[in-house]
Amino acid sequence: MTKPPRKPSKPLLRDDAPIRSRPRRQRDPAQPNLPLDPMPARIEPCLALLRAKPPKGDDWVYEIKWDGYRLAVHIEPTGIRILTRSGLDWTHRFPAIKQAAMWLPVGTAILDGEAVVLDEQGRSDFGLLQQSLGGRGGKKSSSDAIFMAFDLLYFDGHDLRKSVLDERRHLLEDLVPAGGEGDIRLSEEIEADGDQLLASACEHRLEGIIAKRRNAPYRSGRLGDWLKIKCVQSDSFVIVGYERSTVARAGIGRLLLAARKGKKLVYVGGVGTGFNERSAAELREQMDKLMIGKPAVDTGRKRNAVFVRPELVAEIEYRAWTHDGKLRHASYKGLRDVQDNAAVYELQS
């Protein structure tokens with residue numbers, strides 16, 4: 001937990017009495033008001049486009065890619081609000097982040113960032129984050145999660161979205177200094193060659209890097225101002241069923257997965273690794289509530305298959321695609337929560 005700010009020092013004293021400010025005079029009506037921007041109730045996040053290689057040139061700056069839940073921390077006159085990517089209020093689920101936000105030296109602000117849980121090596125681990133929140137659909141609050149802040153969208157009455165990234169980062173770094181160990185930390189920019197940084201991130205078994213255009217304003221949506229370059233491919237797929245097993249954890253031999261292609265779902269193969277006892281049991285409990293008689297997509301002939309309504313979205317790590325459009329060397333990472341509003345992988349038409 002971060003430490004609370006120090007108590008204010010005692011008032012300065014003269015020999016006879018405390019120094020007092022002059023009485024406040026009435027405001028001259030002819031004096032102009034300072035322009036203040038209304039505080040947005042919610043801002044749609046800027047999203048990163050997936051690219052195979054880092055961009056080149058001095059126009060780009062880099063950060064580590066964090067694997068967690070995208071959040072916006074609103075510091076408002078009435079208190080703190082922590083909103084998910086889809087706009088749900090999850091303030092109660094991140095009490096440590098809320099407390100840290102209350103201690104930040106600012107009146108009003110909106111911070112953009114990612115809630116993560118770090119493993120023993122300091123890497124963000126999506127599975128650990130989900131466990132700390134009680135699994136998909138869980139109601140627990142997490143005191144293990146920390147907030148990695150990487151942008152500042154509103155600051156003391158001023159909307160910063162039209163300001164370029166360099167200017168927003170300058171203010172953010174004053175608010176959340178680099179090298180902190182509290183529950184709100186700075187996602188630091190890294191001055192490096194993109195290819196070398198990606199290689200180093202992969203060597204340390206990180207998920208990848210983010211490239212951001214330094215002279216771009218903050219634009220909601222996936223417009224190319226931010227790019228993500230991954231060490232290992234990781235995307236979200238719909239679970240359409242599973243194959244039974246008498247020896248595997250919770251009786252799940254292999255999950256059957258689908259991606260989107262236009263308005264349809266298309267079968268893209270299965271995944272049979274990445275489960276532990278706990279995640280497999282939670283997954284089986286969720287799927288048993290969604291069983292259906294006929295598959296939602298054509299999965300081909302499957303022995304001992306159980307089909308489910310296509311409502312659960314799983315995060316899957318994989319190395320490549322096979323020639324017939326199936327996932328290769330896939331591994332299960334966890335279920336995405338509905339509130340996280342994760343985009344299901346879209347196949348090219």
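## Basis of the model

Residue numbers start from 1 along each chain as its sequence is written, and side-chain values rest on heavy atoms, with hydrogens and water left out. In this predicted model, local features need pLDDT of at least 70 and side-chain atom pairs count only at pLDDT 80 or more, whereas totals for chains, interfaces and linings use all residues.

## Overall make-up

The chain contains 5 helices and 19 strands, taken as DSSP runs numbered from the N terminus (helices H or I, at least four residues; strands E, at least two). Of its 349 residues, 46% are buried; buried means under 20% relative accessible area, exposed over 50%, and partly exposed in between (1.4 Å probe, protein chains only).

Among contacts (heavy atoms within 4.5 Å) with a separation of 6 or more, 68% join residues 24 or more positions apart.

## Nonpolar cores

A nonpolar core is a set of buried Ala, Val, Leu, Ile, Met, Phe, Trp, Tyr and Cys residues joined through side-chain atoms within 4.5 Å. The largest has 30 residues, of which Val73, Ile75, Phe94, Leu111 and Ile184 touch the most other members. Elements giving two or more residues to this core include β3 (69-76), α1 (95-102), β5 (109-116) and β8 (184-186). Strand β3 supplies the largest share, 4 residues. Another core, of 25 residues, lies apart from it and includes Leu257, Val271, Val308 and Leu347.

Strand β3 also holds Glu76, which is buried at a relative accessible area of 15%. Beyond its neighbours within four places in sequence, Glu76 is in contact with Met39 and Arg81.

## Salt bridges

The whole structure has 24 salt bridges, each a side-chain nitrogen of Lys or Arg within 4 Å of a carboxyl oxygen of Asp or Glu. In one of them, the closest N and O atoms of Lys333 and Asp67 are 2.6 Å apart. Lys333 lies in strand β19 (residues 331-336) and Asp67 in the loop between β2 (60-64) and β3, so this pair ties together parts 266 residues apart in sequence. Asp67 is buried, at 7% relative accessibility.

Arg214 and Glu191 also meet in a salt bridge (3.8 Å, N to O). Arg214 belongs to the loop between β9 (208-213) and β10 (226-230), and Glu191 to the loop between β8 and α4 (194-203), so the pair ties together parts 23 residues apart in sequence. Arg214 is buried at 18% relative accessibility, while Glu191 is exposed at 66%.
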